[in-house]
Every structure is written in C-alpha cells, then in structure tokens.
Amino acid sequence: MLYIFLLAAAVAAMVSIRQCSAPRIGPKIDAVAGGDTLNVAIEVSPMGVTLRGDTLTGPYYEMVRGVSEFYGRPIKYHPFTRLSDALEWLREGRCRLVVADIPVTADLNEKYIFVDPGRVDRLVLLQRRNSAGDITVKTQTDLANLTVWVPKGSQSVMRIHNLAHEIGDTIIVREDPQYGAEELGMLVALGELPGGLTVVSRTVADSLTRRYPSLDASVGISFNQYRGWAMMPADSLLRDSITEALRQPRN
C-alpha cells in the first residue's frame, strides 16, 4: 500500500510540474526494493500510468497489477517520463522491467528482450494550428530543413533520419535533455517549443489533441510498429513468466 501511495505522489508531482511548465523530475530512481519485490519502471503516459482524481490508472499499470496478483509477487513502481532514464536504470540493475510503449526496433533487440503486451502504434508529427486553423507541415516533404524536437535518446531519432533520406533533404533533429514526449507535446500546444514541431506516438498524440484542440497530428512519420516492455537478456525466464501471466483471462 505504501508503494501505491508513493507512486501516486510521484505521478501527481509530475502532473503538477507539467501543468506549471516547470522543469521535469530528474533522471534519478527512488529507493530500490529488495527481497522478492519486482522493481518496475513505468512511464507516466496515457498508456502507462496516470492519476485520475486520487486513483492511479492506465492500461499498462492495470496489466502489471494483474501480473502481480497472478503470481502473488509484490511490485514497486518507479515512474518516469523519459525512456532513456528508465533504460539506464535497467542496465544498472535498479529495475528489472521497463513498462512503456517502446518500439521494438532491430537496434533495441540487440540490447534487450521484450515482453509483448499486444500493442502496435506509429509515430506522428505534432504541430500547432495557426489562428486560421492552418498547419505548416502538410506532408512529410514539407519537413525539409525544419527542426523537429524529441526527447534525448528517443528511438524516433533514427526514423526521422531515415525519413530525411527518403525525402532527399535535411531534417534537423534536436534532442531535448529535460522533457519526455508528452511534455514536448504540451510545449508545442503552449507555443513554447522553438520551431513548434515534435514527434510522438499516435497514442500520446490522441491524448494531447483531446486536451489541446489547437494541436494537429495528421502527418504520419512511420508505419505501425510493435511495442514492448524491455528487460535485460539474462531475465528471459522472468520475461516468460510475465508473458504467461499476461495471457491469462481477466475477469
């Protein structure tokens, strides 16, 4: 119960920070639980975990709870907003599972193994409409010589570079060291991101466009990609156990 309270406090702090447009929480994991407790880094996002009123919710959060109940194993959650932070915790052994909408790319497959939560998603461009309701970028080719912001270490960097090759022109990529994808989207909505362009998943875009009607996410950046939860290769048996639990029917 204490873990749930602490997670709620952390998520609430992140939500408060976002609403105030203040700097993000730093890339430092809180105390790691010992014993048979499974340390899980979980993304604060529409698919990961969010705070609705005073209740934690989110599709992935509920799935991890189901795994915990199935095996009777306690979970300690470590919320994050930037994937690169959580993957660093994973490599350092501070957590054993990173729960987020992680695109399962060839590059990541060389470093991690993945739990399949049965999700596909794709990348889209997020931009702000002007007062007349028009957008600057109507097709991918309009991105030539423009600047696109992404979180530092984001897997979308490679896709944007590949897109630049496909359109035969330069797309300038800026990796922000402070903010996660959803936070950069909020800065676009507030008109506070230089250039006003970022790339996010379709799920994040849908959540943001509902809250900020001035945002546009009509320009696709990638095809559908499988999404997974990351683990270290040495944890293949744990990965198989989590996969088995996720396949169990839920009431």
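Figure 1. In β11, the residue bridged to Val124 is Gly220. This bridge belongs to the antiparallel pairing of β7 with β11, which extends over four bridges. The model shown here and in the following views is a predicted one. Strand β7 also pairs with β10, again in the antiparallel sense, over five bridges. Leu126 has Thr198 of β10 as its bridge partner. Because five of the six residues of β7 are buried, the strand is largely enclosed by the rest of the structure.

**Figure 2. The chain as a whole.** The chain contains eight helices and twelve strands. Of its 251 residues, 48% are buried. Among contacts with a separation of 6 or more, 76% are between residues 24 or more positions apart. The accessible surface of the chain amounts to about 12,300 Å², and carbon and sulfur atoms account for 52% of this area.

Figure 3. Helix α7 spans residues 202-211, and its buried residues are Thr203, Val204, Ala205, Ser207 and Leu208. The elements that cover these buried residues include the strands β5, β6, β7 (123-128), β10 (197-201) and β11 (215-220), together with helix α6 (181-189). In general, an α-helix has 3.6 residues a turn, so residues three or four places apart point the same way.

Figure 4. Strand β12 is mostly covered, with five of its seven residues buried. Strands β6 and β12 run antiparallel and are joined by six bridges. One of the residues in this view, Asp121, has Gln225 of β12 as its bridge partner. Strands β5 and β12 also run antiparallel, and three bridges join them. Pro103 stands opposite Arg227 of β12.

**Figure 5. The largest nonpolar core.** In soluble globular proteins, nonpolar side chains tend to be buried together. The largest nonpolar core of this model has 23 residues. Leu97, Val99, Val115, Trp229, Met231 and Ile242 are the residues with the most contacts inside this core. At least two core residues come from each of β1 (38-43), α2, β4 (75-80), β5 (97-103), β6 (113-121), β12 and α8 (236-246). Leaving aside residues up to four places away in sequence, Val115 touches Leu97, Gly228, Trp229, Met231, Arg239, Ile242, Thr243 and Leu246.

**Figure 6. Ile113 and its contacts.** Ile113 lies in strand β6. With a relative accessible area of 15%, Ile113 is below the cut-off of 20% and is therefore buried. Which residues does Ile113 touch, not counting residues up to four places away in sequence? They are Trp229, Ala230, Met231, Met232, Pro233, Asp235, Ser236 and Arg239. Ile113 and Ala230 are 117 residues apart in sequence, while their C-alpha atoms are 5.9 Å apart in space.

**Figure 7. The aromatic pair of Tyr60 and Trp229.** A pair of aromatic rings is described by the distance of the centres and the angle of the planes. Four aromatic pairs are found in the whole structure. One of them is the edge-to-face pair of Tyr60 and Trp229, with 5.2 Å from centre to centre and 80° between the planes. This pair links distant parts of the chain, since Tyr60 lies in helix α2 (residues 59-71) and Trp229 in strand β12 (residues 225-231), 169 residues apart. Tyr60 has a relative accessibility of 1% and therefore counts as buried. Trp229, at 0% relative accessibility, counts as buried as well.

**Figure 8. The aromatic pair of Phe70 and Tyr71.** The ring centres of Phe70 and Tyr71 are 4.8 Å apart and the ring planes lie at 85°, so this pair is edge-to-face. Are these residues buried or partly exposed? Phe70 is partly exposed, its relative accessible area being 37%. Tyr71 is also partly exposed, at a relative accessible area of 36%.

Figure 9. Helix α2 has 13 residues and reaches 19 Å from its first C-alpha to its last, close to the 18 Å expected at 1.5 Å a residue. Tyr60, Tyr61, Val64, Gly66, Val67 and Ser68 are buried in this helix.

Technical notes: Residues numbered from 1 in each chain as written. Predicted model: local features only at pLDDT ≥ 70, side-chain atom pairs only at ≥ 80, totals over all residues. Heavy atoms only, no water. Buried < 20%, exposed > 50% of the residue type's maximum accessible area, 1.4 Å probe, protein only. Contact = heavy atoms within 4.5 Å. Areas by Shrake-Rupley, 256 points an atom, 1.4 Å probe, with all protein chains shown as cover. Phe/Tyr/Trp six-rings, centres within 6.5 Å; stacked < 30°, edge-to-face > 60°. Expected span 1.5 Å × (residues − 1). Core = buried A, V, L, I, M, F, W, Y, C linked by side-chain atoms within 4.5 Å. Pairing = 2+ DSSP bridges.
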